[in-house]
Amino acid sequence: MMEALTSTPLLGLILTAAAFALARWFQKKTGWVLANPTVVSAAMIIALLLLLDIPYDDYARGGDFVNLMLSPVTAILALGIYNQRDILKKNFIPVLVGCTVGCAVSMGSVLLLCRLFGPDQAVTAAMLPKSCTTAIAVGIAEAKGGVVAIAVACVIIAGTVGAVGAPAFIKWFHVTDPVAQGLAIGACSHALGTTKAREIGELQGAMSSISIGICGLLAVIFSLFLPL
């Protein structure tokens with residue numbers, strides 16, 4: 001019976017959807033900032049796979065269908081930028097400068113730390129696009145010879161830190177301009193951070209969404225010239 005259930009792609013699809021829905025309900029019910037739905041749902045899935053001794057390959061038959069949506073979802077970012085073109089025109093210089101500096105600092109800090117601590121090139125390449133959305137980060141990591149699994153893990157960590165810590169960072173560094181708040185969140189923590197930016201304010205969410213697309217494009221360009 002168990003073998004029949006685990007051999008179907010429906011296992012991964014249903015388990016992923018159910019875990020995420022339950023994690024979102026848990027966060028809304030408790031109000032805990034640390035109870036990020038992505039982290040909680042991933043922990044739930046890992047625990048269930050270990051508890052029931054279900055091989056990851058069996059889960060991935062259905063779970064990988066979710067990954068197929070990453071590229072189309074990333075392409076939709078262009079539509080979001082188009083819909084917010086009035087905001088982009090009004091704040092073009094701050095957006096361009098903020099995204100450029102944010103992306104450069106993110107990727108430059110990774111290179112600097114990797115030079116100091118000496119991981120191999122595959123790990124460095126995987127960590128390099130940590131602040132990009134997943135589909136872009138995976139593409140950059142693959143092109144530079146990085147380990148995709150590490151790249152995805154770094155993206156999740158960066159996004160979670162932004163989603164959880166954005167309000168505190170804004171307060172500590174006295175960032176009062178909503179445009180700057182949104183740009184900073186999107187540049188550092190991509191889509192996961194943008195969910196928190198939308199909770200902070202409509203303008204912050206819009207600027208964070210714009211930042212995701214622009215920083216993703218800049219990261220691709222920068223990666224072509226950065227030495228590993």
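Which residues make the nonpolar surface patch of about 660 Å²?

1. The patch is made by L10, L13, I14, F65, V66, L68 and M69. Patches here consist of residues with over 30% relative accessible area and no salt bridge, nonpolar side chains (Val, Leu, Ile, Met, Phe, Trp, Tyr) being joined within 5 Å and like charges within 9 Å. Accessible areas come from the Shrake-Rupley method with a 1.4 Å probe, and for residues only the protein chains shown count as cover.

2. The model is predicted: local features need pLDDT of at least 70, side-chain atom pairs count only at pLDDT 80 or more, and totals for chains, interfaces and linings use all residues. Residues are numbered from 1 along each chain as its sequence is written, and side-chain values use heavy atoms, with hydrogens and water left out.

3. Helices α2 (10-30) and α4 (56-67) each supply at least two residues of the nonpolar patch, and α2 gives the most, with three residues. Helices are DSSP runs of H or I with at least four residues, numbered from the N terminus. F65 belongs to helix α4 and counts as partly exposed at 42% relative accessibility; partly exposed lies between buried (under 20% relative accessible area) and exposed (over 50%), with a 1.4 Å probe and protein chains only.

4. Helix α11 (residues 178-200) deserves attention. With 23 residues, its end C-alpha atoms are only 9 Å apart, short of the 33 Å that a straight helix would reach at 1.5 Å a residue; the expected span is 1.5 Å times one less than the number of residues. A kink of about 140° in α11 is centred on H190, the bend at a residue being the angle between axes fitted to the seven residues ending there and the seven starting there.

5. The side chains of E199 and K196 form a salt bridge at 2.9 Å, N to O. Being three residues apart in helix α11, E199 and K196 are separated by about one helical turn. E199 is exposed at 57% relative accessible area, whereas K196 is buried at 17%.

Definitions and conventions. A salt bridge is a side-chain nitrogen of Lys or Arg within 4 Å of a carboxyl oxygen of Asp or Glu.
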